[in-house]
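Please keep the sequence and the model in view while reading.

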Amino acid sequence: MKTFWRNFARNRGAVVGLVILVLVLIVALTAPWIFPGSPWDMAGAPFAPPGEDGMLLGTDSLGRDVAAGIAHGARVSLLVGAVSTVVSLVIGIGLGAIAGYLGGWVDDVVMRFTEFFQTIPSFVLAILLVAIFTPTIQSIVFAIAVVSWPPVARVVRAEFLSLRSREFVQASEVLGKSRISIVLGDILPNALSPIVVLSSLMVASAILLESALSFLGLGDPNMMSWGFLIGSGRSVIRMAWWMSVFPGIAIFLTVLSLNLVGEGLSDALNPRLPRNRGGKP
Amino acid sequence: MELSRLPAYLAGRLVKAAIVILAIVVCNFFLIHAAPGDPASIIAGQSGSADARFLEQLRAQFGLDQPLYVQLWMYLKGVLTLDLGFSHRQQASVAALVWDRLPATLLLTGAAFIFAIVLGVTMGALAARRVGTWWDSIITVLALAFYATPLFWVGLMLVLLFSVTLEWLPSFGMMSVGVEMSGIGKVLDVGKHLLLPALTLGLFYVAVYARLSRATMLEVADQDFVKTARAKGVPEGRILRRHILRNAMLPVITFAGIQAGQLIGGSILVETVFAWPGIGRLAFEALLARDYQVLMGVFFCTSVMVVLFNLITDLLYAVVDPRVEVS
């Protein structure tokens, strides 16, 4: 654990990312206390610029506090990002494990299936899914998971292919362990590190995807979210720039921090890999 | 590749592409049926005005009273004859609507793609020649930043800067409204409107291609044939152009093929921000009206575009690179 931390901390960017991420998490968790009441309620005069009327980041066309919207939106963005990543991990690990462990024609079928999902325009599919199943938090999570699992399946399959012929797996087979317990008990724990790295990047792209969906008006109508804030600021950008600028910065910082943490995790979990980021070969 | 084997290779690719398109049609079909509620009212677009008689008529027309496999067959037959359904909202066939909007989207994605390839590869090449300098760091930081910025927000910020504050460029549409123009004037006008959307869509890929071409150029520059060329006394500029850049382009081509779907997905967002009259804007309008027939038409059409683009990159790759095994 100590070496893990040391390797992680050697990457400066990753530490910065972690600090930002923790701050965002704190804002998300404390939003109901910092900004009590619903973020949908009127809090001041409409179109108040930042700093005026006691509104740190200004108000929108209905006098709602933009800062409150961002704080409450953080809860939704992080929640959707985390849950949809878990769902796509379940799908991806399941399919990847089956393909990599069984091999043969099963592998072929699963990989063609995965390729299909990688070929089609995934954002269009996500829009279609959310629109047809009506925009709710469940359908959004489902749609994001459906379009995000293929990279997981590919990575897990590659790991399983290389691990299944190792000696410790063969030993378990000779001992008569069941397939399920070999897959879950022997192979999966050894394939975890690329999955961990991938999942932090997936949370990041899930947050981007959610914001894009709610920007298009496909957000859960009962949940305040960053994409919705930007979407509602779009048509009034000439008079109220703050409505779209600040939520965008929130998305940028959160996604950036997750990407940086992902790189740090990758360094920490694969310490033998050459470090050539930052342009130094 | 031997030219005699090209037809077989192409045929294999075509079959694969056809299977993907068929799968998308089946996917569309089951989506209509998986949706909560009556498929007939979904086809009608849940317009609210859909009365019982109209729904009954739709049920008969789409054979919704028939078993599922008969329905699937009817649907497939329809799509294969390019009948993508009818939008009762817009009182036009979906195929005509999509066809009408296609040129604008092709112009936007094409411009963004060329912009990204040219600028990205140039930046990557410069970075590869100056490894470890500030150029290098700039590209890394840019890539990191563009990976984290929502596309639609970049668009809005560009509007804020170039249209609202500086008033240099128009912020929406494809042509100036109410001005009669022809010839060069018209082209310039469209170009002015195209600049911001294409920039928005392309910037992300500039960063991606810059990183990718930097990595591959460094890799190629170390290989024996480059050393040989250098030993023969070939001028450095020529080595870069003829030997390194050519080979380093191959992974960029492959990657471009893989990302085609993302580019098209991104164009939906960009077209929404800039009111660019393409397929993406059509999808957004259909979304607001819950016109599912049109949405499915857009999904089908964009998928076909991606498949075609992949075919082209495959072909390009096979022609450019003599080492590609065609099996």
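## Annotated spans of chain B

The UniProt record, in an unreviewed entry, lists residues 14–35, 106–126, 138–166, 194–212, 248–274 and 294–320 of chain B as "transmembrane region". Such annotations may be inferred rather than shown by experiment, and their positions follow the numbering used here.

Residues 14–35 of chain B are 95% helix and 0% strand, and the end C-alpha atoms of this span are 32 Å apart. Residues 138–166 of chain B are 90% helix and 0% strand, with 26 Å between the end C-alpha atoms. Helices (H or I, at least four residues) and strands (E, at least two) are DSSP runs, numbered from the N terminus.

## Basis of the model

The model is predicted: local features need pLDDT of at least 70, side-chain atom pairs count only at pLDDT 80 or more, and totals for chains, interfaces and linings use all residues. Residues are numbered from 1 along each chain as its sequence is written, chains are lettered from A and ligands numbered from 1 in the order in which they are written, and side-chain values use heavy atoms, without hydrogens and water.

## Chain B as a whole

Chain B contains 13 helices and two strands. Of its 327 residues, 48% are buried (under 20% relative accessible area, with a 1.4 Å probe and protein chains only).

Among contacts in chain B with a separation of 6 or more, 73% join residues 24 or more positions apart; a contact means heavy atoms within 4.5 Å.

Definitions and conventions: Buried < 20%, exposed > 50% of the residue type's maximum accessible area, 1.4 Å probe, protein only.
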